Amino acid sequence: MTSQSSDPHAAPGAESRAPSAIAVDDEVLPFEIDSLDLRGRMVRLGPALDEILTKHDYPAPVGRVLGEAIALTALLGSALKFQGRFLLQTQTDGPVSFMVVDFKSPDQIRAYARFDKARLAEGLSSGALLGNGHLAMTIDQGAHMSRYQGLVALHGGSLEEAAHEYFLRSEQIPTRVRLAVGEEWRGEQGGPKHRWRAGGMLLQFLPQSSERARQADLHPGDAPEGAAPHVVAEDDAWVEGQSLIATVEDLELLDPDLSGERLVYRLFHERGVRVFSPQSVRAQCSCSREAVAAMLASFEPADRAEMVKDGQVEVTCEFCSSVYRFTPQEAGVEDQAPGAP
């Protein structure tokens, strides 16, 4: 295993070393298996995930599926090479009807979920919690730049399956994803302490040869009955890569005593794996009093007037639960004559 800069295209040359035994949370570890033309990223989330989920005191099923979405967003958003945002959003008919995860480069992440408590039940898979609808992934490059969005239909499948479909249809990159979320209880003074943890791994086949990168054409949907589907044999290197990542167990992704480097080495050392500088991830909301005031200013005067309750306008951030209070004058509510409706 070698370690060098976080740029996957950097020239090799770093000396081999043993994988670090130190496990670190809230960071993304990029890696590369040159001999198989594979590149990947591994994420471990601890305090950052716990802060996001506990602020809303989500029921366990909601915490698990939102935790998967947060881990997936960290894997994808941390790959941005510019100052921008990566947003993952689901809108479905399941018990968890809406989720949004917002990653602001280089390292800020926040998330929110809307759910129907009466429809929740232990043991439901992430696919059953989401139900049918769609998953949107949006790359926002900032002001004066175009936004890119890819949509994937959800039909009761997992977020892992949705990610595979997204890369197949939107990026045309052979990709496999593993996600895991768990609850950890550790004995501390005053009794056991509950914490959320998540882990994830993304692996992609990126050969330099265009011939090796070929994939089967997507089904057009209107082909004549009996038409033979287009088939392209999978490259042996990608077959091997898929087989290796399929062996990763949830416990390995979540184990706080197993470093990301050791897990990556455990999987790919026979082929030679190189890791790069890790990227941190932190829970950080982008809301502010100024941003909320600007939002209020965009409302119609009548709408702002309806927001006045007990002599003030109160706005709660859905992401971090911060509460912002304004006087009617600060919120731009025009004075009304006594007795006016």
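# Briefing on a predicted single-chain model

The chain contains nine helices and 16 strands, and the model described here is a predicted one. Of its 341 residues, 44% count as buried, and among contacts between residues at least 6 apart in sequence, 64% join residues at least 24 apart. The mean pLDDT of the chain is 88, with 86% of the residues reaching 70 or more.

**Confidence along the chain**

- Among the elements of the chain, strand S3 (residues 38-45) has the highest mean pLDDT, at 98, whereas strand S1 (residues 2-4) has the lowest, at 47.
- Over residues 2-13 the pLDDT stays under 50, although the model gives this stretch 31 contacts beyond four places in sequence.
- Residues 336-341 likewise have pLDDT below 50, and for this stretch the model has two contacts beyond near neighbours in sequence.
- Where pLDDT is low, the predicted coordinates should not be read in detail.

**The sheet S14-S15-S16**

- Three strands form an open sheet in the order S14-S15-S16, and their pairing is antiparallel; strand S14 (308-309) and strand S16 (323-326) are the edge strands, each of which pairs on one side only.
- Strands of a sheet pair through backbone hydrogen bonds, either parallel or antiparallel.
- S14 is joined to strand S15 (residues 312-316) by two bridges, the two strands running antiparallel, and within this pairing Val308 stands opposite Val313 of S15.
- On the other pairing, S15 and S16 run antiparallel and are joined by four bridges, with Val313 standing opposite Phe326 in S16.
- Six residues lie between S15 and S16, which form a hairpin, and in the turn Ser321 has a positive phi of about 70 degrees.
- S16 presents two faces, a covered one with Tyr324 and Phe326 and an uncovered one with Val323 and Arg325.
- Helix H8 (residues 289-297) lies across S15 and S16, and the helix runs at about 60 degrees to S16.

**Charges over rings**

- The charged end of Arg289 sits over the ring of Phe326, at 4.2 Å from the ring centre; Arg289 falls within the residue range of helix H8 (residues 289-297), while Phe326 belongs to the covered face of S16.
- A further arrangement of this kind involves Arg110, whose charged end sits over the ring of Phe319, 3.9 Å from the centre of that ring.

**Aromatic pairs**

- Five aromatic pairs are found when the whole structure is searched, and one of them is formed by Phe98 and Tyr112, a tilted pair with 6.5 Å from centre to centre and 55 degrees between the planes.
- This pair links distant parts of the chain, since Phe98 lies in strand S5 (residues 96-104) and Tyr112 in strand S6 (residues 108-115), 14 residues apart; both Phe98 and Tyr112 are buried.
- The rings of Tyr166 and Phe167 have their planes at 80 degrees and their centres 5.2 Å apart, so this pair is edge-to-face, given that planes over 60 degrees apart count as such.
- Tyr166 is buried, with a relative accessible area of 3%, and Phe167 is also buried, with a relative accessible area of 7%, both values being under the 20% that defines a buried residue.

Definitions and conventions:
Residues numbered from 1 in each chain as written. Predicted model: local features only at pLDDT ≥ 70, side-chain atom pairs only at ≥ 80, totals over all residues. Heavy atoms only, no water. Phe/Tyr/Trp six-rings, centres within 6.5 Å; stacked < 30°, edge-to-face > 60°. Buried < 20%, exposed > 50% of the residue type's maximum accessible area, 1.4 Å probe, protein only. Lys NZ or Arg CZ within 6 Å of the ring centre and 35° of its normal. Pairing = 2+ DSSP bridges. Contact = heavy atoms within 4.5 Å. Axes fitted to C-alpha atoms, helices over the stretch in contact; angles between N-to-C directions. pLDDT = per-residue confidence, 0-100.
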